[in-house]
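Reader: I would like to learn how to read a model like this one. Where do we begin?

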Amino acid sequence: MQILQDKKIVLGITGGIAAYKTPELVRRLKDHGADVRVVMTEGAKAFITPLTLQAVSGNHVSDSLLDSQAELAMGHIELAKWADLIIIAPATADIIARITAGMANDLLSTLCLATSAPIAIAPAMNQQMWHAKATQANISTLKQWGFHIWGPGAGEQACGDVGLGRMLDVNELVTLSSDFFADKYLQDQHWVITAGPTREAIDPVRYISNHSSGKMGYAIAHAALRAGAQVTLISGPVNIAAPAGCELIQVTSAEQMHQQALAYVSQATTFVACAAVADYRVANIADEKIKKDNEHMQISLIKNHDIVADVAKSAHKPFIVGFAAETQNVEHYARGKLMRKNLDLIAANDVAKAGQGFNSDDNALTLYSAIDKIEIPLANKQIVAKQLVSLINQHYVAKNTEK
Ligand code: C5P
């Protein structure tokens with residue numbers, strides 16, 4: 001079943017240039033199974049026509065509080081009760097201010113007062129308007145009242161300014177909508193996840209690292225967030241964006257990651273060590289760039305702390321999941337690490353196989369506990385992460401009900 005199957009979404013469109021993206025948003029929400037009814041403000045109609053939105057949504061577009069014909073078809077109170085979710089995208093500074101003030105001077109603001117449905121706001125405005133004290137105060141009030149604020153994103157704006165204020169992409173809004181309706185089975189859990197590579201400095205310009213892209217750890221963070229967990233992502237340097245809603249702790253070296261992991265462990269219900277941590281660091285990091293004066297050079301290395309093993313030794317031991325990237329004897333090495341590092345589960349992958357593991361978009365895992373062995377077949381890392389998170393939770397619940 002599609003995640004938005006039979007979900008009733010009211011899309012409120014206000015007068016911002018990003019309104020031109022809303023037909024695509026409606027189409028994508030419908031592709032995922034949602035029934036979408038569009039409400040437009042007067043300002044929105046200056047950017048896009050109701051006829052376009054009617055054509056893509058397959059429903060009458062409401063744009064007036066005082067239209068007797070429209071009220072006959074579906075009155076504003078009926079529409080307010082019909083919605084499972086109201087999304088306002090793009091949301092101008094004006095609609096944000098009017099909602100915060102409790103005004104009911106057009107159909108959309110009236111709907112927001114008249115509904116008991118959750119409301120998500122995707123702000124879109126000039127960066128200066130976004131940073132204005134009034135807008136920020138309104139947004140913080142709406143957050144306190146339980147409104148969901150989706151974005152804004154940063155980047156170049158229609159007016160030429162650069163900064164925060166862009167409406168999130170259609171893709172992101174569709175993902176946030178799906179996440180909104182996802183089963184929140186991790187609601188009471190706090191997951192701490194390490195991800196990405198670490199960098200061990202040699203001198204001010206050089207370092208030792210590995211090919212980890214962080215994609216797997218970030219996908220696990222996203223899947224855990226989507227299932228309702230609080231997520232702290234301790235990440236080495238990567239080129240991908242952290243999922244919206246997680247607490248991102250950026251580190252560079254293994255020692256920094258070790259420090260942060262131990263600082264957060266007491267809050268964690270679950271610790272997932274997905275980072276490809278450098279096993280060794282440079283004994284004496286040069287203060288200045290090393291010159292290539294010698295034919296041979298040697299760098300002396302010292303072993304780094306084993307982060308996940310130290311987490312397992314902490315007084316408050318969370319449920320711990322490690323990873324084992326192997327090129328041979330996968331089961332033998334993975335089970336060895338499971339025991340030696342005192343983990344609850346270990347997810348092993350064969351990085352010698354083409355098209356999976358390090359730096360790839362796909363992965364296949366085998367999950368080992370002391371007694372179990374479960375295969376997660378080759379798929380996109382997002383899909384693998386979703387299955388892994390669900391399996392980790394099953395083992396977590398089983399362990400905690402044993403106690
Ligand atoms: O021993 P190996 O590096 O293969 O173990 C892999 C697992 O241990 C992964 O979960 C990895 O994140 C974790 N690890 C760690 N600290 C290290 C080395 C590995 O947490 N210094």
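**Reading the model feature by feature**

Author: Ser57 counts as buried, because its relative accessibility is 2% and the cut-off for buried is under 20%. Keep in mind that this is a predicted model.

Reader: In which helix is the place of Ser57?

Author: Ser57 sits in helix α2, residues 50-57. Its side chain reaches the backbone oxygen of Leu53 at 2.9 Å. Neighbours within four places in sequence aside, Ser57 is in contact with Val26, Lys30, Val36 and Val38.

Reader: Now the cores. What do nonpolar side chains tend to do in soluble globular proteins?

Author: They tend to be buried together. Here, the largest nonpolar core has 35 residues. Trp191, Ile220, Val231 and Phe323 have the most contacts inside it. Elements that give two or more residues to this core include β8 (190-195), α10 (215-226), β16 (319-326) and α14 (381-402). The most comes from α10, with eight residues. A second, separate core has 30 residues, among them Ile9, Ala19, Val38 and Val61.

Reader: What does Phe323 touch, not counting residues up to four places away in sequence?

Author: Phe323 touches Met216, Ile220, Val272, Ala273, Cys274, Ile346, Ala347, Leu365 and Leu388.

Reader: Next, the ligand. Which residues surround the ligand?

Author: Phe323 is one of them, and so are Ala273, Asp279, His305, Val308, Lys337 and Lys341. Look at the polar atoms next. A backbone N or O atom of Val308 is 2.9 Å from a ligand oxygen atom. For Phe323, a polar backbone atom is 2.8 Å from an oxygen atom of the ligand. For Lys337, a polar side-chain atom lies 2.4 Å from a ligand oxygen atom. On its own, the ligand has 450 Å² of accessible area, and the protein covers 86% of it.

Reader: Last, the rings. What describes a pair of aromatic rings?

Author: The distance of the centres and the angle of the planes. A search of the whole structure finds two aromatic pairs. In one, Phe180 and Phe181 have ring centres 5.1 Å apart and planes at 85°, so this pair is edge-to-face. Phe180 counts as partly exposed, at 22% relative accessibility.

Reader: And what is the geometry of Phe319 and Tyr396?

Author: That pair is edge-to-face, with 5.9 Å centre to centre and 85° between the planes. Phe319 is in strand β16 and Tyr396 is in helix α14, so the pair ties together parts 77 residues apart in sequence.

Reader: Are Phe319 and Tyr396 buried or exposed?

Author: Both are buried.

Notes:
Residues numbered from 1 in each chain as written. Predicted model: local features only at pLDDT ≥ 70, side-chain atom pairs only at ≥ 80, totals over all residues. Heavy atoms only, no water. Helix = DSSP H or I, 4+ residues; strand = E, 2+ residues; numbered from the N terminus. Buried < 20%, exposed > 50% of the residue type's maximum accessible area, 1.4 Å probe, protein only. Polar contact = N/O pair within 3.5 Å; in protein donor to acceptor, adjacent residues only side chain to side chain. Contact = heavy atoms within 4.5 Å. Core = buried A, V, L, I, M, F, W, Y, C linked by side-chain atoms within 4.5 Å. Near = heavy atom within 4 Å. Areas by Shrake-Rupley, 256 points an atom, 1.4 Å probe, with all protein chains shown as cover. Phe/Tyr/Trp six-rings, centres within 6.5 Å; stacked < 30°, edge-to-face > 60°.
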